[in-house]
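Subject: Structure for you to look at

Hello,

Here is the structure to go through. My notes on it follow below.

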Amino acid sequence: MSSTSVMSTDYLKSLIREIPDFPKKGILFYDITTLLKDKTGFATLIDKLSEHYIAQKVDLVLGMEARGFIFAPALAYRLNAGFVPVRKPGKLPAECVRFDYALEYGTNTLEIHRDAIQKGQSVLIVDDLLATGGTAEATAKLAESLGARIAGLGFVVELEFLKGRDRLKNYEVMSLLGYDK
């Protein structure tokens, strides 16, 4: 990693507020809203994400509800790609394809418009956080069910101690900011 990259990473991390015991006791929450409101920080974040993917041909950037919606459209713009939302059930108006996946306690479902991806299109999946990897894996499988080729999965923050990357071994995974505790 170059000194410029380290400087950018340190700068971005300095803009993230750490909130202990949220949403419950014992959890340290990394609040990115303080980074987002900083115009230089937000621009640096989008620049760093786009630098990683600019050499690839990306047709679509998929953003997962809800915070993926913040980064994916800006990144799509920078990569000259389209943006596709991946939503919770009942939020999209046209015919959808859905994917049910297991959580630690229960299940969840994601939906995407059936016509959102054409077979063979190169898709980049973007979200704010890689934790256990379940939502990212489900989004990749959902996109693949429509014939997408996954160009990669990009995250702003990775909670490395949760080992979410282990679930995503079949994909190229990039995160800008890693936390090991």
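Contact here means heavy atoms within 4.5 Å. By that rule, and not counting residues up to four places away in sequence, Ile27 touches Ile19, Pro20, Asp21 and Phe22. Ile27 sits in the loop between strand 1 (17-20) and strand 2; helices (H or I, at least four residues) and strands (E, at least two) are DSSP runs, numbered from the N terminus. Ile27 is partly exposed, because its relative accessible area is 34% (buried is under 20%, exposed over 50%, partly exposed in between, with a 1.4 Å probe and protein chains only). The C-alpha atoms of Ile27 and Ala43 are 29 Å apart, although the two are 16 residues apart along the chain.

Some background: this is a predicted model, in which local features need pLDDT of at least 70 and side-chain atom pairs count only at pLDDT 80 or more, while totals for chains, interfaces and linings use all residues. Residues are numbered from 1 along each chain as its sequence is written, and side-chain values use heavy atoms, with hydrogens and water left out.

Next, the cores. A nonpolar core is a set of buried Ala, Val, Leu, Ile, Met, Phe, Trp, Tyr and Cys residues joined through side-chain atoms within 4.5 Å. The largest has 28 residues, and Val61, Val157 and Leu177 are among those with the most contacts inside it. Two or more residues each come from helix 3 (39-53), helix 4 (68-78), strand 7, strand 8 and strand 9 (173-179). A second, separate core of 27 residues includes Val84 and Leu146. Leaving aside neighbours within four places in sequence, the contacts of Val61 include Ala72, Leu79, Val84 and Leu124.

Regards
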